[in-house]
Amino acid sequence: LLDASLVRIRETEEKLGAFLQLDEEGARLRANQLDAQTGDLGLLTAIPMGIKDNISTRGVRTTAGSKILGDYTPVYDAAVMEKLAEAGANMVGKMNMDEFGMGSSNENSGFHRAVNPWDLERVPGGSSGGAAAAVASGQVQFALGSDTGGSIRQPAAFCGVVGLKPTYGRVSRYGLIAFASSLDQIGPLTRNVEDAAAVMQAISGYDERDSTSADVGVPDYLSALTGDIKGLKVAVPKELLKKGVAEGVKEKVKEALKVLESLGAVVDEVSLPHVEYAVATYYLLAPAEASSNLARYDGVRYGVRVEGDNLIDMFNRTRSAGFGDEVKRRIMLGTYALSSGYYDAYYLKAQKVRTLIRRDFESIFTDYDVVVGPTAPTTAFTFGENTKDPLTMYMNDICTVPVSLAGLPAVSVPCGLSQGLPVGLQIVGKPFDEAGVLKVAHAFE
Ligand code: GLN
């Protein structure tokens with residue numbers, strides 16, 4: 001399995017740029033140990049995987065796509081790495097990403113861009129673009145990404161693979177390099193829904209080292225994949241199929257809804273009245289939390305240091321050289337929103353709108369089992385197409401950020417091609433109902 005993965009990487013990596021770090025030596029060592037293993041084998045024994053580079057891996061460089069962590073090697077494993085080791089999975093390397101998860105195209109990687117295997121002129125999505133490209137091209141059998149406002153689901157959609165963002169609290173964030181702590185979640189990118197269920201089985205569960213980890217029982221995800229969705233109640237928010245959504249995407253989503261109906265589901269149109277404020281709300285809260293989380297990169301504790309005339313000068317030079325433009329933009333936005341006198345007008349207001357968005361979903365879920373719509377308003381765009389101004393890029397997150405703000409589980413599953421490019425169907429569930437969204441995705445797939 002490892003050899004097949006390494007051959008594929010050698011064939012494709014020069015074009016794809018999906019990896020920030022290959023760990024061939026470590027992977028071979030682990031493969032030999034796994035070969036020698038007898039007795040009960042783990043669920044994912046010897047399966048080659050890629051890990052997004054913001055997930056801490058002991059002894060393997062972990063940069064979060066940032067130059068400021070260019071020489072950082074963690075001394076401990078993230079909780080998900082411990083769990084995947086127990087399940088027997090074998091990490092091949094660390095996957096490319098937008099710096100600290102800030103981006104929707106991988107164009108913000110501090111090192112080099114990752115490319116969409118379907119069309120090398122196009123972005124793989126972001127921020128887990130390297131992970132999605134690697135799974136889509138067969139470099140690895142699955143990958144872990146992280147999702148703050150869509151970073152697992154949108155690249156999965158752009159690259160034609162399955163991507164699942166768990167309920168906030170379902171998977172431990174211990175060892176995940178923080179972007180926006182109230183939104184960040186780790187989840188799988190896979191070739192099919194069954195694989196997503198298997199990886200979720202391995203990584204889910206309570207962890208006392210993450211104070212927001214939820215002590216909620218983990219069901220058997222694989223046995224939830226029955227194929228039976230007769231009588232399922234599907235809500236389709238009209239706001240997510242309106243203006244700004246490409247015709248080809250709308251068409252594929254409507255076809256998918258027909259498929260769900262043919263399987264016995266009941267599909268109704270509903271409304272999420274506050275969803276129009278979701279992008280604005282997210283782009284206040286996420287940068288605010290990021291500005292605080294990123295204060296730790298000061299040239300003292302981690303990574304790169306640029307010497308200066310005095311301490312403050314050293315901070316300034318280190319952060320000026322180490323962070324890219326998008327990260328600096330967000331630190332400025334976030335610091336502004338949190339500054340005294342502005343806190344009530346921005347951060348507090350955004351928190352209130354966040355509650356309204358969560359309630360919109362809650363009221364739908366009293367009558368429906370899942371909420372379904374497109375994962376992204378477009379298919380993969382070309383490099384440079386959305387970089388002219390930041391707002392154009394931010395608008396690409398319109399379908400995913402409401403779900404993140406509400407903390408709900410959601411899967412993106414491929415639902416066909418538009419002009420030769422994959423379209424993703426987003427299926428959103430009730431809190432901690434990953435089994436439910438996987439079941440629907442599996443029946444549809
Ligand atoms: N594209 C969004 C952003 O730039 C989401 C990123 C993410 O989920 N990490 O913030």
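Ala, Val, Leu, Ile, Met, Phe, Trp, Tyr, Cys and Pro are counted here as nonpolar, Asp, Glu, Lys and Arg as charged, and the others, Gly among them, as polar. The views below show a predicted model.

**View A. Lining of the largest cavity.** Four cavities of 30 Å³ or more are found in a search of the whole structure. The largest cavity has a volume of about 80 Å³. Its lining consists of 13 residues, and those nearest the centre of the cavity are Gly101, Gly103, Ser151, Tyr282 and Asp397. By class, three residues of the lining are nonpolar, eight are polar and two are charged.

**View B. Surroundings of the ligand.** There are 15 residues around the ligand, and Ser104, Thr148, Gly149, Ser151 and Tyr282 come nearest. Ser151 and Tyr282 are also among the residues nearest the centre of the largest cavity. Glycine 149 places a backbone N or O atom 2.6 Å from an oxygen atom of the ligand. From arginine 330, a polar side-chain atom lies 2.8 Å from an oxygen atom of the ligand. In the side chain of tyrosine 283, an N or O atom is 3.3 Å from an oxygen atom of the ligand. On its own the ligand has 290 Å² of accessible area, of which the protein covers 99%.

**View C. The largest pocket.** The space in the largest pocket amounts to about 540 Å³. Of the 25 residues that line this pocket, Lys243, Gly244, Val245, Met395 and Ile398 lie nearest its centre. Two helices, H8 (278–293) and H12 (390–395), each supply at least two residues of the lining. The lining is made up of 13 nonpolar, six polar and six charged residues.

**View D. The second largest pocket.** About 340 Å³ of space lies in this second pocket. It is lined by 16 residues, and Arg30, Asp77, Met81, Ala85 and Ala89 are the closest to its centre. Helix H2 (24–36) contributes at least two residues to the lining, and so does helix H3 (79–87). Eight of the lining residues are nonpolar, four are polar and four are charged.

**View E. Strand pairing around E10.** Strand E10 (residues 410–418) is paired with strand E5 (residues 162–165) in the antiparallel sense, over three bridges. In this pairing leucine 164 stands opposite valine 411 of E10. E10 also pairs with strand E11 (residues 421–428), again in the antiparallel sense, over seven bridges. Alanine 410 has valine 428 of E11 as its bridge partner.

**View F. The turn between E10 and E11.** The hairpin formed by E10 and E11 has two residues between the strands. Glutamine 419 lies in the loop that joins E10 and E11. Its phi is positive, at about 50°, although the residue is not a glycine. Most residues other than glycine have a negative phi.

View G. Which two residues does the cis peptide bond join? The bond lies between glycine 126 and serine 127, with omega about 10°. Most peptide bonds are trans. Serine 127 belongs to the loop between strand E3 (90–95) and helix H4 (129–136).

Key: Residues numbered from 1 in each chain as written. Predicted model: local features only at pLDDT ≥ 70, side-chain atom pairs only at ≥ 80, totals over all residues. Heavy atoms only, no water. 1 Å grid on protein atoms, 1.4 Å probe; cavity = no way out; pocket = protein on both sides within 12 Å on 5 of 7 lines; lining within 4 Å. Points joined across faces, edges and corners; volume = space filled by probe spheres on them. Helix = DSSP H or I, 4+ residues; strand = E, 2+ residues; numbered from the N terminus. Pairing = 2+ DSSP bridges. Near = heavy atom within 4 Å. Polar contact = N/O pair within 3.5 Å; in protein donor to acceptor, adjacent residues only side chain to side chain. Areas by Shrake-Rupley, 256 points an atom, 1.4 Å probe, with all protein chains shown as cover.
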